[in-house]
Amino acid sequence: MSGEQQLDADLGSGVEVEEFSWEDYLEETGSTTVPYASFKHVDIRLQNGFAPGMKLEVALKNDPETYWVATIITACEQLLLLRYEGYGEDRKADFWCDIRKADLYPIGWCQQNKKTLEAPEGIRDKVSDWNAFLQQTLIGACGPPVSLLEGLRNGRNPLDLIAPGSKLECQDFRDSLSTWLVTVVENIGGRLKLRYEGLESRDGFEHWLYYLDPFLHHIGWAAQQGCDLQPPLAIKHLKSEADWQEILAKVKEEEPLPSYLFKDKQVIGTHEFSINMKLEAVDPWSPFGISPATIAKVFDDKYFLVEMDDLRPEDHTRRSFVCHANSPGIFPVQWSLKNGLHINPPPGFRSQDFDWADYLKQCGAEAAPQKCFPQSISEHQFKENMKLEAVNPLFPEEVCIATVTAVRGSYLWLQLEGSKKPVPEFIVSAESMNIFPLGWCETNGHPLSTPRRARGHKLRKIAVVQPEKQILSSRTVHEGLKNQLNSTHSVMINGKYCCPKIYFNHRCFSGPYLNKGRIAELPQCVGPGNCVLVLREVLTLLINAAYKPSRVLRELQLDKDSVWHGCGEVLKAKYKGKSYRATVEIVRTADRVTEFCRQTCIKLECCPNLFGPRMVLDTCSENCSVLTKTKYTHYY
């Protein structure tokens, strides 16, 4: 039996496929997902060291021995959208390139290597003096680091440079501020498994950090800060001082990772805390509640040590952690009360009721003033009952499905589902680097722990029927499911097919199907990320912004004559209490995203720029603001 016949048989007989489906799970639980743009650390990872506006010298497609200056329009992981200088605002010649395969060089490279620098044929007659044009254009221009381009020519994506065996410097954030070397054991989508240099796996001192963590640095950082490299107290006794110095000398002989990989890290500011000040804190080693804490030590104007209060006899180990001015999980006194939350009294506290005024008097201490604490994030898109993927705080190697159970300011209470061992509800910051959007694990090849009830689901032939008539045959959906299964592997490998940000240009003409008011309420953009996931979210938002969501779903449904050769995604709409389903085709590769968005807009009879990778700032290139609905309908 052929693979296609086997798939037909499986679909027809309803054979279970042991594969988690976010779509089925969301439908089963009646939940929504946290918007992709809420995870800033994931967004930064996809920016790859290139930024819009940077300029490069790029080989011409039809003449690889000739080069011209191009500007980066959009950057998304290993893909760049480029526009040659001379095209101005005209995007018709914009082109995508893979940074690992294209000939990209810094400005001035052609002159140094005696290569031809000449404008593309399509615009050569636009300017009489191209040399003068370039001199004017390149005033104040910036480009990507030369070392970044050299690394790419060796076939490596920027984040891939942090490979197993790479060395970094890590500050001890448990009880001291010592900095020591760590070796990268694994790199999964920027999430690093680290081991202290000089130790083995069996020693049990491995830990996970995101590569943008403020306590993780490139080799040479400590020297720049005037700090000595010293192993943390927890491991210092395992070797002699001579052994540690020998390890340090060997690492200094290795070539370090380029520092630009960490350019987007948070800048640590100065703090105003003093020793013995009281505050409220979440213990990062047990983030299940908020308790009183004390500033136990001030290292310098950037770092201080927070110790969880413990009134038991001295022989109990005190839990402490290093903080900086913007550290999450520290709050002013009475924060819990003001947010309607219970504060856990310190161990050994004898009274039934905890009162901060009495406690401060009992301790002879003062509360840390409000000015010491970081500003709370005023806007984010996390809401109760939303789903996401989150690191298990007790077993950091595990990532699970999580539900937002409560939101207070910029803090979330999460409940894990499917974890290997039960974990209580825990607290994280909305800017935590241990939380991820839907599909992150699948995109990056990281295992995802899922609820047992969601691990198996049946694939079967389905007919999509509106209440008034059938709108899509079961055979068409069957074909769409086959396409989706056949393409799943190619879609998800290491974020290979990465979609740029998709902007909703609220000022553009919204057409007869989409509600202008609801369009205005949509987020400014979605993505970047996996093409299928980003475009699925975009289309879902558009369907929900329609006057009649079922009508828009019908307009978008899979066409048997489709030319996209993408994958079929089942989208849903609700209208007047009734539910509708249809399979909608979505492109899988970034080079087709711009045209897909444009053609979808045309299908919905709205401005071709209503949504897409290009942000409309003032004037739309389609001049849609002067067209009436009648003229627009005629236009299409």
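Contact here means heavy atoms within 4.5 Å. Helices (H or I, at least four residues) and strands (E, at least two) are DSSP runs, numbered from the N terminus.

What you're looking at is a predicted model, where local features need pLDDT of at least 70 and side-chain atom pairs count only at pLDDT 80 or more, while totals for chains, interfaces and linings use all residues. Residues are numbered from 1 along each chain as its sequence is written, and side-chain values use heavy atoms, with hydrogens and water left out.

Let's start with the whole chain. Its secondary structure comes to 18 helices and 32 strands. Take the contacts with a separation of 6 or more: 64% of them come from residues 24 or more positions apart.

Now for helix α2, residues 22-29, where Trp22, Glu23, Tyr25 and Leu26 are buried. They sit on the same side of α2 because they cover an arc of only 165° around the axis, taking the directions from the helix axis to the C-beta atoms.

| Element | Residues |
|---|---|
| β18 | 387-391 |
| β19 | 399-408 |
| β20 | 411-417 |
| α15 | 531-544 |
| β30 | 567-575 |

Just after α2 comes Gly30, with a positive phi of about 65°.

One of those partners, α15, also meets helix α17 (residues 593-603): their axes come within 12 Å and cross at roughly 20°. The axes are lines fitted to C-alpha atoms over the stretch in contact, with angles from 0 to 180 degrees between N-to-C directions. On the α15 side, the contact is made by Cys531, Leu535 and Leu539, and on the α17 side by Val593, Phe596, Cys597 and Thr600.

Finally, have a look at Val42, which lies in helix α3 (residues 40-45). Val42 is buried, with a relative accessible area of 0%. Which residues is Val42 in contact with, leaving aside its neighbours within four places in sequence? They are Tyr36, Tyr210, Phe436, Pro437 and Trp440. The C-alpha atoms of Val42 and Gly189 are separated by 8.7 Å, although the two residues are 147 apart along the chain.

Conventions:
Buried means under 20% relative accessible area, exposed over 50%, partly exposed in between (1.4 Å probe, protein chains only).
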